[in-house]
Amino acid sequence: MDPSAHRLGCSVAAGAGIAWQTVQPEATRILVTHRRPLLIDTDPGVDDAWAILMAASAPQVELVGLTVVGGNVGLDCTVRNACALVDLIGRPIPVHSGAARPLVAQTEDAGHVHGRDGFGDVDLPRPATSPTATAAANAIVELAQRWEGQLEIIALGPLTNLALALRLDPQLPQRVARLLVMGGAIDGPGNTTPFAEFNIGFDPEAAEVVFREWPTLELVDWVATLREAPPVGQIERLLAGDSPKARFMHQISRCTAAFVAAKGAQNWAFADPLAMLAMLDPAQVVATSEGAIAVELVGERRGETRLGPIDGERARSRIHQHFHQQALARALELALD
Ligand SMILES: [Ca+2]
């Protein structure tokens, strides 16, 4: 017997007539799937709901978990909304509850956009799905070890869970195949303040940890979101569809639709779905720039994302700026099938 096998926790059936069997621990086992394993860190949110449905209907990915963070609304609501989405998808996707608050500051949520519960205050029934007992940051670490070298992560909310996971496992970036963040406003105004985009502005310290310490990541920012926003009429036609997913999205979009209408907007900004499009189908991205991003932590510009030259000290960020025309609208349509 290889003595190391025992240390690795192999199951040993001495005297039971069963051969010694070396079992690799969960952390080093290589799992193989023909689909790309995808973890979504999220604060649902109508925008997140679209993105999650896109991923759920994409044949090229296996949705291995939703790690949930407080942000768009409080954590109780974002967890419940994630569970409601898993019910709608109809497959057992683990939901992990995460950080209720930013690492350092207490910041206002975005209930004025998404409804107080994040899903348009429509009194959805209590979900049948419940969150697991594993906290989000732990789940990120565990999934990255289970899918060593294969896991892809997309972060659609404040980066609190991801920063905590990075502290738990400093090797996390090396275990992950790809990280894509929706956040920031490079060379343009934010949506929370003139400087800060919501996900970064909600927890700038967490964002700074990720942008400083993750070697390479991809970004879809608020400026690209506005540039690629589909016409309102196109989205309204999708929401008038008759599939269960279309009816669900129509229901929870009520508050967001009123917000868009009150602003007199011609286009409907879809940040998380645009990020998901870049994640699922990189061929739809037609222009990407590169740089190192720093997050402002003090003063009125707190939460601002500033792009500088790649210096080896910070993440090499690949910022997806332009997409094929109509790609997002087509992806949204497919998500409701
Ligand atoms: Ca979000």
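**Overview: the whole chain.** The protein has 15 helices and nine strands (DSSP runs numbered from the N terminus, H or I of at least four residues for helices, E of at least two for strands). Of its 337 residues, 48% are buried (20 or more other C-beta atoms within 10 Å of the residue's own; 12 or fewer is exposed, in between is partly exposed, and C-beta atoms are placed from the backbone). Take the contacts between residues at least 6 apart in sequence: 81% of them join residues at least 24 apart (a contact means C-beta atoms, placed from the backbone, within 7 Å). Numbering starts from 1 along each chain as its sequence is written. As this is a prediction, local features need pLDDT of at least 70 and side-chain atom pairs count only at pLDDT 80 or more, while totals for chains, interfaces and linings use all residues.

**Close-up 1: Ile 140 in helix H5.** Ile 140 sits in H5, residues 136-146. It counts as buried because it has 30 C-beta neighbours inside 10 Å. Leaving out residues up to four places away in sequence, Ile 140 touches Leu 39, Thr 67, Asn 161, Leu 162 and Ala 165. Its C-alpha atom is 9.5 Å from that of Leu 164, which is 24 residues away along the chain.

**Close-up 2: H5 crossing H6.** The axes of H5 and H6 (residues 160-168) come within 8 Å and cross at roughly 60 degrees (lines fitted to C-alpha atoms over the stretch in contact, with angles from 0 to 180 degrees between N-to-C directions). H5 and H6 are therefore oblique to each other (under 35 degrees is roughly parallel, over 145 roughly antiparallel, 65 to 115 roughly perpendicular, the rest oblique). Ala 136, Ala 137, Asn 138, Ile 140 and Val 141 of H5 meet Asn 161, Leu 162, Leu 164, Ala 165 and Leu 168 of H6.

**Close-up 3: the buried face of H15.** In H15 (residues 327-335), the buried residues are Leu 328, Ala 331, Leu 332 and Ala 335. They line one face of the helix, because they fall within an arc of 100 degrees seen down its axis (the arc of directions from the helix axis to the C-beta atoms). Their cover includes helices H2 (46-56), H11 (232-239) and H14 (271-280), plus strand S9 (316-323).

**Close-up 4: the buried side of H12.** Lys 245, Phe 248, Met 249 and Ile 252 are the buried residues of H12 (residues 244-252). They span an arc of only 95 degrees around the axis, so they lie on the same side of H12. Covering them are elements including H2, H3 (75-89) and H11.

Definitions and conventions: Contact = placed C-beta atoms within 7 Å.
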